[in-house]
Amino acid sequence: MPVWFELAVTMLAAYGAGVAIGWALWGRETVPTQEDSE
Amino acid sequence: MRIRPALAILSGAVLVAAMGYSIALSTAASFIEPLEEEAQAAIAKAGGRGVTARFATPAGAPSRHPLLTGGRRLPEDTRARVAQAVAAVPGVGGVFWSDGTIRASNARDRYEPLHCQEDVDGLLRSRSIRFEEGSNRMLPASQLLLDEVADSLRPCLGAIISITGHTDNSGTEPGNIALSMQRARAVREALVRRGIPRDGLRARGVGSAKPVAGLTPDDPANRRIEFAVIRTEPLTPTPVDTPGAR
C-alpha cells in the first residue's frame with residue numbers, strides 16, 4: 001500500500017470526522033426562512 | 001448563488017485527498033529512507049545475508065510495507081527471524097517476501113494449561129464439596145469452595161474438565177448413580193454460573209463404584225466430587241501480523 005494512499009485515507013477520515021462534528025454542532029439548526037420571520 | 005451542501009462536502013473531500021497525495025509525494029522519500037536504513041541494519045543483525053528490503057509498491061510508489069527479496073538459501077527459521085526483525089522496526093507495516101508470503105506458524109506461543117489439576121486437587125485435599133443428604137443441593141460452605149475451584153479452573157479454559165460425582169453405598173446402586181450424576185450436573189451448573197464455559201465441562205456420575213482408596217464403601221466420606229483435566233486443547237494465537245519465512 002503506497003504512502004500517498006495511507007495519507008489520503010487518513011486525511012479523508014479526519015475531514016469526515018470534522019464534517020460530522022460540525023454538522024452535529026451547527027448543522028441541525030434550521031435557518032429561519034422568510035415566512036418564519038414574518 | 002447558493003452552493004449545495006453535498007457538493008461542497010464532496011469538493012472538500014476531493015481537495016483533501018489531492019492534498020494528501022501531493023504532501024505524500026513530496027515527503028514520502030524522506031520518510032522512507034530512514035526506514036530502509038533501519039530495516040537493512042535489522043536484516044544484517046538477524047543474519048539475513050543477501051536479503052534486501054524494498055520499500056515500494058510494484059508500481060514504484062513509496063510504501064511502509066517492505067518486500068523482502070533474496071535469501072532463498074537461508075534456513076526457514078532465519079528467514080522468519082529476518083522478517084520479524086524488519087517488522088519490528090518502528091514505522092514499518094506488513095512485511096512480505098517476493099517469493100510468496102505466508103504468515104508465521106507461531107509454535108512458540110503455544111498455550112500451556114497452568115497446573116489447574118494440581119490446584120484443584122490441592123483445594124479438595126482437605127475439604128470437599130458437600131451436599132444435603134440424598135439431594136443434589138449443595139451446602140452453603142461448599143459454595144465458597146466452589147468459588148475457589150472456579151478460580152483455579154479459569155486458567156485452563158480450552159481444556160476439557162471432567163466432573164465426576166461419587167456416593168457411598170447406602171441405597172440402591174441405580175439410585176446412587178442417578179444421585180451422583182445429579183450432583184455432578186449441579187456442580188457443572190454452578191461452575192457455568194461462575195463463568196466457566198459449559199462446553200469444556202463434562203459431568204458424569206459413577207455411584208458407589210469407586211470408593212476412596214482405603215475407605216470402606218459405606219463410609220460417608222465417599223460422597224464427593226472429583227475434577228480431572230482430561231484433555232487440553234492447545235490454543236495457538238492467530239498470527240495475523242507475524243511475518244513468517246515465506
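How many helices and how many strands are there in chain B? In this predicted model, in which local features need pLDDT of at least 70, side-chain atom pairs count only at pLDDT 80 or more, and totals for chains, interfaces and linings use all residues, chain B contains five helices and six strands. Helices (H or I, at least four residues) and strands (E, at least two) are DSSP runs numbered from the N terminus. Residues are numbered from 1 along each chain as its sequence is written, with chains lettered from A and ligands numbered from 1 in the order in which they are written. Along the sequence, the elements of chain B follow the pattern α-β-β-α-β-α-α-β-α-β-β.

The pLDDT, the predictor's confidence in each residue from 0 to 100, averages 83 in chain B, and 87% of the residues score at least 70. Over residues 106-111 of chain B the pLDDT is below 50, although this stretch has ten contacts in the model beyond near neighbours in sequence; two residues are in contact if their C-beta atoms, placed from the backbone, lie within 7 Å. Where pLDDT is low, the predicted coordinates should not be read in detail. For the complex, the predictor gives an ipTM of 0.73 and a pTM of 0.47.

Of the 246 residues of chain B, 27% count as buried, that is, 20 or more other C-beta atoms lie within 10 Å of their own, whereas a residue is exposed at 12 or fewer and partly exposed in between.

The buried residues of H2(B) are B:Arg79, B:Ala80, B:Val82, B:Ala83, B:Ala85 and B:Val86. Their cover includes helix H1 (5-45), strand E1 (52-56) and strand E2 (62-69) of chain B.

Between the chains, ten residues of chain A are in contact with 19 residues of chain B. The side of chain A that touches chain B has ten nonpolar, no polar and no charged residues, where Ala, Val, Leu, Ile, Met, Phe, Trp, Tyr, Cys and Pro count as nonpolar, Asp, Glu, Lys and Arg as charged, and the others, Gly among them, as polar.
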